[in-house]
Amino acid sequence: MADEPRTNDMPSVRGEANNLKLVSRATYFKEATLKNLFLLCAFMAVAGVALIFVFVGYRGWPIFSEVGAGNFLFGMEWLPTKGLFGILPLFVGSIVVTLGALLLGTPVAVGAAVFLSEIAPPKIRSVVRPAVELLAGVPSVVYGFFGLLILRPIVADLTGGLGFGPLTAWIILAIMIIPTIATLTEDALQSIPDGVREASYAMGATTWQTISRVLLPAAKIGIVDAIILGMGRAIGETMAVLMVVGNAPGFFRGMGEPLSTLTSQIVMDMPYASGMHRTALFGMAIILFLVSMGLVLTVRLLSRLREETS
Amino acid sequence: MSHTLAEHQPGFVPTADACVKIAVRGLDFFYGDFQALTDITCDIRDNSVTAFIGPSGCGKSTFLRCFNRMNDLIIGTKVEGLITLDGQDIYAPGVDPVDLRRRIGMIFQQPNPFPMSIYDNVAYGPRLHGMKKKADLDEVVETSLKRANLWKEVKDILGRGGLTLSGGQQQRLCIARVLAVQPDVLLMDEPCSAIDPTSVQKIEDLMAELKSTVTIIIVTHNMQQAARVSDETAFFLQEVMGEPAMLVEFGRTADIFTSPKDKRTEDYITGRFG
Amino acid sequence: MKDMKRITNALALAVFWIAGLTTVVVLGAVILYVFVNGIGHLNLAFIFTKPHGVNAEGGIWPMIVSTMYVTGLAMVIVTPIAVLAAVYLAEYAVQGRLVRIIRFAADTLAGVPSIVMGLFGLALFVEGMGFGFSVLSGALALSFLMLPIVMRTTEEAIRAVPKFIRWGSYGLGATKWQTVSRIVLPAAMPRIITGLILATGRAVGETAVVIFTMGTMINTPLLPTDPGRSMTVHLYQMAMEGINLPAAFGTALLLMVMILFFNLSARWLLRRNRRMQG
C-alpha cells in the first residue's frame, strides 16, 4: 500500500467546484513572513545579551589588556587616582554583603513560603501573599532610603560608628531577597502532589514532621534554585546597598565598618571617572554580567538535573 | 450496501462511487515512533451518519482527526496510506489543510465557544473567509443558528457572551459555528459526553436533520447513541497495549448491533449492552 | 515522648507563623514610615510645580514627567516585541536548540544587574548611537530590562488559553495567524496586560539604569531626545545629600503610591478575569 502513488487526479464526484484547494502562495508567504517576524522578535533577547556583552566588553576590555587581568581581578587596592585598579576588595565586599543577606533572608523566606503553602489559613494567606509580592515591587531606592534613615541609626547604636556598613546592608538586602526566594520556594512546595502530604499525615506524622522530613526534602532543588536567584538579585543590587554600605573600598573589617561593593563603586565613581578609571568600571560591569550569567546557567543545569532524575 | 474488510485487497483502488464521500485505504498513523493505527480501510457514505465505536484509547478520535488533518497540528505525527474526499487525496502534496478544514467541520468533546458574543462566534468562520457585509453576516448567522436549532433560544441575546450559555446550548452554538462555513462533512468527537441528557436529545435530533445535506461522522462511547443515530458503524479495537489499533468491523449499524460478523465485535457490544 | 512531639510541632509552627508575618510587618513598616513622613508634604503644589533653589525646594513636576515619559516610551517600544516574541515561543516554536538559546538569553537578560544595564545603555545609546542623556536612551535601556519580564508573563498568558479553543478555530479553517490574532491573543489579553503593568511598575522603580541613560538634570522633557531626572534618581540624590528630606519623603511616598497602584490594578484585573472565566 505504501508504494501506491498518491494521486490527486481521481475523478471528482461533484465537479470542479469541489476540488481541494492547494496552499495558496500568498497565504503561505504571509504565514511564513509572520513566523519569521516573530522569530526575529524572540531573537531580540539573544541580541540584547550579545549587545550587552559586546558594548560593555568593548569598553571594559582595555583594563584586561593594558592593566592586566591579574592586577585587575586580584589587585588588593582600589586607588584609581594612583593607577591601582585592584577590585578584589570590592569583589570580596560584594560577596560579604551577599552571603550575609542570604544567611539572614533565606530562613525567613523559606519559612514564609512554608507558612504560605502549608500552614496559613486562607484569610491570613490572602494578606501575606500580596504583601510578599508588594515587597518585591518596592523600588530599591526606597529600601535604601528606609535603610539610611531608620536602620542605620539603630545599627550605629549597636556597633558604634555611623552605621554605614555590612550589617545595615545585610538587613536591607535580606528584606529585598525575601520575595524572590519565598515565591520560588512556594512554587516548589505547591508542585508537590497532595497525595504525598496525605500519605505522611496518614502515618501519624505531625505537620512539622511532614514539612521537615517530606516536603522540604522533596522541594530541595526548587529551594536551591530560589536561593541562587536570590543570590543573583543580592549581588546585582545597587542603589539600596550603595545608600547604606558606606562605600569605603577596603576589605571587610567589621559589621559596622564601611565597605564597598562592585555595584556601589560603579555608581559612586561613574559620574567623574575618566580614562582607565572609567574603563575599570566597565570591566567591573563585565564581571557582574558574567557572575549573573553563571548563576542563571547553574539554575538551568540544576533543572536539567532534576528532569533527568525524575 | 455494506463495506467489509473483504473489499480491501492489494491493488484496490477506490472507485468514484457516487455514494462514497470519504474513502480510506491502508491508513497507518504514527505518533513519533509509536504506531497508533494500522491498515485501516473503509468508505464513508455521503449524506449518512457513520459512528465510530470502541473502547477508550482505541484510536477512534485519532482516526477522526485524520479526516480534517487536525493531527498535522501535533508535532511528530505521520500518516501513511490514502484518504480521499470526493475522490481526491487530502494528503497529496500541496493540499491546503486550512481550506480542507473549512470543508470538513469538527465538533469537539468539550463545547468550545470562543470568548466572544454568540453572534461573533457564528460569524467567525465567514469572516475568516472574507465575508464582510453586515447584511450577509446577519443572514449566515441566522440560518446557521436555525439549522442548529438554537435560533429561538438566542435570537434576542446574540450580543451576549457565548460562554454564558448552558453546556448543551454551547455545543449547539459550536455546531452553528461550523455550519456557518458550509462544510460537506461534519466530524463529531464525542459531542455529547460533556453535556446534560436533555441536550443530548436535541443534538441527536439535529444530526438526523442535518444528514440530508452533510455527511456526519461521530465518535461515541455510548452504544445506544451509536445505535440510535447512525446508519453505519465502525468498530475499532486495540487488542494489545502498545500495539496499533485497527478497524475490526464496518457495516450497517443494524447488522453490527444484531448480527456482528466478528467475535470481538460481538463481545464488545454484548459486554457494553449487557 | 508524645508530649515532646507535640511541643516540637507547636514550636515549629510558631516559627513559621513568625516568618510569614515578618514579611507583612516589614512591608507595613516601610509603607507606614514613608507614608507618615511623606503625607504632610504631598500636595498639589508639590506634584505640579517645579523645584527651585539649590536645595530643590518646591515641587517635583519635572521628575514625575520624566519618569512617566521614560516608562511610557519604554513600554511602547517593548510591548510589540515582547508580545510577538512570546507568540513565537508559545505558538510557533518547535522545541530545539534555537528555543533553548532564546530561553537562556531571556533568563540571562532577566538576571542582568540593573547597573550593568545602565552602563550598557550608556555605552550603546548615550555615547555609541549619540542619543546623549535622554528619555530615548533611558527608554531603550529600560526596554531591555522589561523584555524578559513581559515575554515570560505573555507566554504564560498565551499558554493558559485552553487548547480546545484553538482547535475550534483551526477546525473552521483558520490559519495559524488568524487563530492567534483573533482568538488566542484576545483571550490572553487580561493576563498580558497584567504582565505589562507589573513590568511598568518595575521600570518606574528602576534607578541604576536611568541614572546613566537619562541623566540627572532637572528638566521637564518634551522631545524624546531631552534629558531628564527620574523620581527615583531624585530621591537618591536628595537622600544622599541629605539637604531636603521633606522633598525626599514626598517623592518616596509618591513612588510608593504609584507602585501600589500598579500592583493593585494588576491584581484587580487578574481577579476580575478569573471571575469572568468562572
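What follows is a quick chat about confidence, overall chain shape and a few residues.

Q: What kind of model is this, and what gets counted?

A: This is a predicted model: local features need pLDDT of at least 70, side-chain atom pairs count only at pLDDT 80 or more, and totals for chains, interfaces and linings use all residues. Residues are numbered from 1 along each chain as its sequence is written, chains are lettered from A and ligands numbered from 1 in the order in which they are written, and side-chain values use heavy atoms, with hydrogens and water left out.

Q: What ipTM and pTM does the predictor give the complex?

A: An ipTM of 0.92 and a pTM of 0.88.

Q: And what is the mean pLDDT of chain C?

A: It is 92, and 98% of the residues in chain C reach 70 or more. pLDDT is the predictor's confidence in each residue, from 0 to 100. Where it is low, the predicted coordinates should not be read in detail.

Q: Chain A next. How many helices and strands?

A: Chain A has 11 helices and 2 strands. Both are DSSP runs, numbered from the N terminus: helices are H or I with at least four residues, strands are E with at least two. The order from the N terminus is α-β-β-α-α-α-α-α-α-α-α-α-α.

Q: Is chain A compact or spread out?

A: Chain A is more spread out than a compact globule, because its radius of gyration is 28 Å, well over the 19 Å that the globule rule gives for 310 residues. The radius is taken over C-alpha atoms, and the rule is 2.2 Å times the number of residues to the power 0.38. Along the principal axes, the C-alpha atoms fill a box of roughly 95 × 65 × 35 Å.

Q: How much of chain A is buried?

A: Buried residues are 50% of its 310. Buried means under 20% relative accessible area, exposed over 50%, partly exposed in between (1.4 Å probe, protein chains only).

Q: Now chain B. Compact or spread out?

A: Chain B has 10 helices and 10 strands. Its radius of gyration is 19 Å, close to the 19 Å from the globule rule for 274 residues, so chain B is as compact as a globular protein of that length. The C-alpha trace spans about 55 × 45 × 35 Å along the principal axes. Buried residues make up 58% of chain B.

Q: And its exposed area?

A: Chain B exposes about 10,700 Å², and carbon and sulfur atoms supply 52% of it.

Q: Which residues have a positive phi without being glycine?

A: Asn247(A) is one of them, at about 55°. Gln182(B) has a positive phi too, at about 50°. Most residues other than glycine have a negative phi.

Q: Where do they sit, and are they buried or exposed?

A: Asn247(A) lies in the loop between α9 (239-245) and α10 (262-269) of chain A. With a relative accessible area of 17%, Asn247(A) is buried. Gln182(B) is in the loop between α6 (167-179) and β7 (185-189) of chain B. Gln182(B) is exposed, at 61% relative accessibility.

Q: What does Gly162(B) touch?

A: Its contacts include Pro113(B), Met116(B), Asn121(B) and Leu173(B), leaving aside neighbours within four places in sequence. Contact means heavy atoms within 4.5 Å. Gly162(B) is in the loop between α5 (151-154) and α6 of chain B, and is buried at 1% relative accessible area.

Q: Which residues does Ser140(A) contact?

A: Beyond four places in sequence, they are Met176(A), Glu237(A), Met239(A), Ala240(A) and Gly205(C). Ser140(A) is in helix α4 (residues 140-159) of chain A, and counts as buried at 13% relative accessibility.

Q: Last one: where is His234(C), and is it buried or exposed?

A: His234(C) is in helix α10 (residues 231-241) of chain C. It counts as buried, at 0% relative accessibility. Among the residues it touches are Ala56(C), Met63(C) and Thr251(C), not counting residues up to four places away in sequence.

Methods:
Areas by Shrake-Rupley, 256 points an atom, 1.4 Å probe, with all protein chains shown as cover.
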